[in-house]
Amino acid sequence: MENNIEKQLIEKIKSGDIKMKSRAYFVGRLVLLGLFLVSLFLFIIYLASFTIFSLRTSGAWFLPEFGFAGLRILLGSFPWVLVLLSAVLIFLLEFFAEHFAFVYRRPMMVSLCGVIVAVLIGSFLVGATPLHAMLFASAQDSRLPVLGDFYNRYGAPPIKNLYHGLVSELDEDGFKIKTPTEKTFSVLANQKDFPSLKNIKEGDAMIIMGELQEHQIRARIMKKIKEDRRIFKSHKKGSLMK
Amino acid sequence: MDPKDSQQEDEQIAGLVQSGKSEFFGILINRYQDKITRYARKFLSDADQTKDIVQEVFIKAYVNIQSFDTKRKFSPWLYRIAHNEFVNTLRKNQNRFLPIFNLDTFFPHYASKDIGISEQLERKEMKELVEVCVNKLEVKYKEPIILYYIEELSYKEIADVMAIPVSTVGIRIKRAKDMMQEIFKQEGFQYGK
C-alpha cells in the first residue's frame, strides 16, 4: 500500500498533473523578500532619524539638561506614536527575516538587538546629514508634496512652556530668539537671576523654560546648548532676521 | 541507468530531479517514505489522514525542489516541509491556535549542546524510552526529541526543520528528557540521565 505513494506520484509527475515550480520563481521570490526587507529597514532608519530630528527641533532633546523636571516634560512630550510605529516595524522586519537561517538559528533577542543597534547607528548617521532639515524647510515653504503635512505636523511639535532657538538680538530686557519654525519671541531675563546672560551673544542656540505672555517668554530656566544649526532656517539664510 | 539502482547521495539525486530527470524523485520517495510516515504518526492518529499528509509532503517536495540548495543536506529540507504540513494539519484538526512565537526562542540558552560520540550509547537507550513515552509530551518538546532520537538529526538540522534557534533545540530536548524522567518515575521506572 505504501509503495502506491511512489507509483501514484511518479504517474502524476509524468502526466503533468504535478509540476515543479521554476528556479526563477524562487530566485524572484527571494529577491523580492530581500528588497522588501532592505526597504523596510531603510524606512525604519528614516523614521527613527526623523524622531530624533523632531526631538531636536521641538527642544525636547535638551530637556534632560534641566534635571527631573525636564525629564518629566520629556516623557510627556515624547513622540511615542513614532516610537511605537518604529517598534512595530522592527518586529515586522524580524518576522520576515526569520525566513533566513542566519536569523532564525539565533535567539530572537540577539537578532532584535542587532536590528535595534543597526537602526540606531543608521538613524544617527542619517541625522548627521541635512536630509530632514532640508525636507522640513521645504515643508515650511509649502514646497514638499506628499511628506509636507507630515513634516509640518511632526517636524517641530510645540511643547508647553519650552522654547528653543537661535539668539537673534540682545536687548536690555533679555534677548530675542528665532525658533526652527521661524517664530520670534522676546525672552525676559535679567542679569540678577541669570548671571550667565552676559556670556550670551547673537547666534547662540538657547533652550528656555518659561511662560509665554504676548510673545514674551518669562524665563524660569534657560541654558546655552550645542545645537545643529542646520535645523534653523534663519541660519541657512546666513542672517538672523528680526 | 535505472534510477532504482542509484547509490548516489540524496543531494545528488535531488540535483538530478532539478535538472529534469523527474523519474529519480521515486528514489527519494522510497528512501524517505517510511521515515516521514513514522514521523507523521507521532503527531497524527488517523491512518488515512497520515497517508494523505505524507503524500502531500512529497508533492510539495517535488513542486518546490528547485528551492533546495544541493550544497545542503536534503533530509532537514524534507523534514521542514513535513513539519509545516503537520503544524497546518494540527491547527485544522484541533481547531485551536498553535503559537507562532514561543518565549524560549527569544532568549539565548547556554544549557545544552549536541552530544558527543561518548554519549551515543545514551542516545540508543533514549531512543527506546522516547518511543514509549513521547506521546505524553507537549508538541513543542515532542518534536525535537523525535527528530533527535528517532530521526537522528543534529541540533542544527532540527533548528532548520523547526526554524528555531539551535540553543532552543538544546533546551527543549533537555526539558523533554527531564519531563520523561518524571513520567518514568511516576510510572515506577528508572533510567540513567
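**Figure 1. The two domains of chain B.** In this predicted model, chain B is divided into domain 1, which covers residues 3-94, and domain 2, which covers residues 103-186. The centres of domain 1 of chain B and domain 2 of chain B, taken over C-alpha atoms, are separated by 22 Å.

**Figure 2. Where domain 1 of chain B touches domain 2 of chain B.** Across this boundary, nine residues of domain 1 of chain B are in contact with 10 residues of domain 2 of chain B. On the side that belongs to domain 1 of chain B, helix 2 (25-41) and helix 4 (74-94) each supply at least two residues, and the largest share, five residues, comes from helix 4 of chain B. Sorted by class, this side of domain 1 of chain B has four charged, three nonpolar and two polar residues.

**Figure 3. The crossing of helix 2 and helix 3 in chain B.** Two packed helices are described by the angle between their axes and by the distance between those axes. The axes of helix 2 of chain B and helix 3 of chain B (residues 47-63) come within 10 Å and cross at roughly 140°, which means that helix 2 of chain B is oblique to helix 3 of chain B. The crossing of these two helices of chain B is right-handed.

**Figure 4. The residues that join helix 2 and helix 3 of chain B.** From helix 2 of chain B, the residues that make the contact include Phe25(B), Ile29(B), Ile36(B) and Arg41(B), while those from helix 3 of chain B include Ile53(B), Val57(B), Phe58(B) and Tyr62(B). The residues of this contact between helix 2 and helix 3 of chain B divide into nine nonpolar, three polar and one charged.

Note on methods. Residues numbered from 1 in each chain as written. Chains lettered and ligands numbered in written order. Predicted model: local features only at pLDDT ≥ 70, side-chain atom pairs only at ≥ 80, totals over all residues. Domains from an automatic or database assignment. Contact = placed C-beta atoms within 7 Å. Helix = DSSP H or I, 4+ residues; strand = E, 2+ residues; numbered from the N terminus. Nonpolar A, V, L, I, M, F, W, Y, C, P; charged D, E, K, R; others polar. Axes fitted to C-alpha atoms, helices over the stretch in contact; angles between N-to-C directions. Parallel < 35°, antiparallel > 145°, perpendicular 65-115°, else oblique. Left-handed = near helix turned anticlockwise from the far one by under 90°.
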